[in-house]
Amino acid sequence: MKKLLLTFFSLTLIVVLAACGNNNANNAANSAATNAPTADATTEPAAEPVTLVVGASPVPHAEILKAIAPLLEAQGIKLEIKEFTDYVQPNVQLAEKQLDANFFQHQPYLDDQNKNNGTDLVSVASVHVEPFGAYSKKIKSIDELADGAKVAIPNDATNGGRALILLAKNGLITLKDDTNITSTKADITENKKNLEIIELDAAMLPRQLDEVDLALINTNFALEAKLVPTKDALFIEGGDSPYANILVTRPDNKDSDAIKKLVAALTSPEAKKFIEEKYEGAIIPAF
């Protein structure tokens, strides 16, 4: 009899414990189900930033791009700046889609490059003007320029013509047409001082100042050489220079959202303030 009672109580205890265990399991399951996200509550992964690769001359173009990079980063655009010290590769690599845009040239130069190379690169923004200047380590004014003096100018078509126009406007030579950006030495009709005009790669001109009497230098290369155009140039283009430096892209990406955001940043009040404060008149905003 005692054995029967013991067996009965043991079975009862097992049933009670099992029931408790099931209740706990059910409560845990219900709690987990309640806290679990529903099928509709999916979360979208954060969008990857868009990278724009832009070719630029180190000064001032890359400096300006670096200044506006935070504006683009806040909009999901990562700016990758590739610096060039020549005027050829930025257009070559843009045409070959190694770059998304470039920033170093003016419209006449771009037109000449498109014509000569069969490309169709396009301008999407005018950013700043770099007044072109004449520099010397040997004289303090053009009145001191001796007969037969050596004068160095850029050897590319448009900047060479631009240099000749500036020489003409300062009375050193006479041209057939002193508005023709593609003027060459063959277009000189009068050279009273018998100047020896030497054509060199634009990037080399600052390094040749010791070898020549006068050099006409693009402002970006002058700044790289620590020359101050507003102080060191013997004569310089005015602020009305038509040669604004432009942001250049291809027809296939010129209307992309990322390029539009880059244009907006380069022509923003922040960019204008940076240019005016950083370069103190040596570079002038074109917007």
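Trainee: What is the volume of the second largest pocket?

Mentor: This is a predicted model, in which local features need pLDDT of at least 70 and side-chain atom pairs pLDDT 80 or more, while totals for chains, interfaces and linings use all residues. Numbering starts from 1 along each chain as its sequence is written, and side-chain values use heavy atoms, leaving out hydrogens and water. A pocket is an open set of points on a 1 Å grid over the protein atoms alone, with protein on both sides within 12 Å along at least five of seven lines. Taking volume as the space filled by probe spheres set on those points, the second largest pocket comes to about 190 Å³.

Trainee: Which residues that line the second largest pocket are the closest to its centre?

Mentor: Lining residues have an atom within 4 Å of a point, and here there are 13 of them. The closest to the centre of the second largest pocket are I165, K169, E237, P242 and Y243.

Trainee: Which elements give two or more residues to the lining of the largest pocket?

Mentor: The largest pocket has a volume of about 250 Å³, and V59, E63, L223, K278, Y279 and E280 are among the residues that line it. Two or more residues each come from helix 2, helix 7 (229-232) and helix 9.

Trainee: How many charged residues are in the lining of the largest pocket?

Mentor: Its lining includes K226, L227, V228, P229 and T230. By class, the lining of the largest pocket has 7 nonpolar residues and 1 polar residue, and the charged ones number 4.

Trainee: Why do the buried residues of helix 9 line one face?

Mentor: In helix 9 (residues 269-279), A271, I275 and Y279 are buried, which stands for under 20% relative accessible area, with exposed being over 50% (1.4 Å probe, protein chains only). They line one face because, seen down the axis of helix 9, they fall within an arc of 35°.

Trainee: Which exposed residues does the opposite face of helix 9 carry, turned away from its buried side?

Mentor: The buried residues of helix 9 pack against helix 2 (58-73), strand 4 (122-129), helix 6 (219-224), helix 8 (257-266) and strand 13 (284-285), contact being heavy atoms within 4.5 Å. Just after helix 9, E280 takes a positive phi of about 50°. On the face of helix 9 turned away from the buried side, the exposed residues are P269, K273 and E277.

Trainee: Within what arc do the buried residues of helix 8 fall?

Mentor: The buried residues in helix 8 are A258, I259, L262, V263, A265 and L266. They line one face of helix 8, because down its axis they fall within an arc of 165°.

Trainee: Which strand gives the largest share of the lining of the largest cavity?

Mentor: A cavity is a set of points where a 1.4 Å probe fits but cannot get out, and the search of the whole structure finds 1 cavity of 30 Å³ or more. Of the 14 residues that line the largest cavity, the closest to its centre are Y87, H106, R162, N218 and N245. The largest share of that lining, 3 residues, comes from strand 3.

How values were computed
Helix = DSSP H or I, 4+ residues; strand = E, 2+ residues; numbered from the N terminus. Arc of directions from axis to C-beta. Nonpolar A, V, L, I, M, F, W, Y, C, P; charged D, E, K, R; others polar.
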